[in-house]
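Here is a briefing on one protein model. Look over the sequence and the fold, then read the points below.

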Amino acid sequence: MEYEYTVKFYFDEGREEEYKIKNNIEQETFTEELSNGFIEKSWYSFTETEHYKTILISTKEVYQVVVEKNILEFD
């Protein structure tokens, strides 16, 4: 099963960015991996699925991340 996550990043200067990310892991695991990436690194990268671009985010500028899940089922 594939999951699509809407991830919202909230930055210190009042800016927000929203991306869609498809993955095959449950939300709890995805959120944990995202959290660990932010704790361990000063930069976090991922590929967003709407335009298939690699996004690089400075973790020092982000004060909050919100993850919302949508389930995509394919027959």
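The charged end of arginine 15 sits over the ring of phenylalanine 11, 3.8 Å from its centre. Such a charge is NZ of Lys or CZ of Arg within 6 Å of the ring centre and within 35 degrees of the ring normal. This is a predicted model: local features need pLDDT of at least 70, side-chain atom pairs count only at pLDDT 80 or more, and totals for chains, interfaces and linings use all residues. Residues are numbered from 1 along each chain as its sequence is written, and side-chain values use heavy atoms, with hydrogens and water left out.

**Helix α1**

- Helices (H or I, at least four residues) and strands (E, at least two) are DSSP runs, numbered from the N terminus.
- Helix α1 holds 14 residues, 27–40, and at 1.5 Å a residue it should span 20 Å; its end C-alpha atoms are 20 Å apart, which agrees. The expected span is 1.5 Å times one less than the number of residues.
- Phe30, Leu34, Gly37 and Phe38 are the buried residues of α1. They cover an arc of only 95° around the axis, which puts them on the same side of α1. The arc is taken from the directions from the helix axis to the C-beta atoms.
- Glu28, Ile39 and Glu40 are exposed on the other side of α1. Buried means under 20% relative accessible area, exposed over 50%, and partly exposed in between (1.4 Å probe, protein chains only).
- An α-helix has 3.6 residues a turn, so residues three or four places apart point the same way.

**Nonpolar core**

- The largest nonpolar core has 17 residues; Val7, Phe9, Phe30, Phe38, Phe46 and Ile57 touch the most other members. A core is a set of buried Ala, Val, Leu, Ile, Met, Phe, Trp, Tyr and Cys residues joined through side-chain atoms within 4.5 Å.
- At least two residues of this core come from each of β1 (2–11), β2 (16–23), α1, β3 (43–47), β4 (54–58) and β5 (62–72). The most come from β1, with 5 residues.
- Leaving aside neighbours within four places in sequence, isoleucine 57 is in contact (heavy atoms within 4.5 Å) with residues including Phe9, Phe38, Trp43, Phe46 and Val62.

**Aromatic pairs**

- The whole structure has 9 aromatic pairs. Rings of Phe, Tyr and Trp (its six-membered ring) pair if their centres lie within 6.5 Å; planes under 30 degrees apart count as stacked, over 60 as edge-to-face and the rest as tilted.
- Tyrosine 5 and phenylalanine 30 have ring centres 4.2 Å apart and planes at 0°, so the pair is stacked. It links distant parts of the chain: tyrosine 5 is in strand β1 and phenylalanine 30 in helix α1, 25 residues apart.
- Tyrosine 5 is buried at a relative accessible area of 0%, and phenylalanine 30 is buried at 4%.
- Tyrosine 44 and phenylalanine 46 form a tilted pair, 5.9 Å centre to centre with 40° between the planes. Both residues are buried.
- Ring pairs join Phe9, Tyr19, Phe38, Tyr44 and Phe46 into a cluster.

**Loops**

- Threonine 59 lies in the loop between β4 and β5. It counts as buried, at 10% relative accessibility.
- Leaving aside neighbours within four places in sequence, threonine 59 is in contact with Phe38, Lys41, Ser42, Trp43 and Tyr44.
- Tyrosine 52 is in the loop between β3 and β4. It is exposed, with a relative accessible area of 63%.
- Tyrosine 52 has a positive phi of about 55°, although it is not a glycine.
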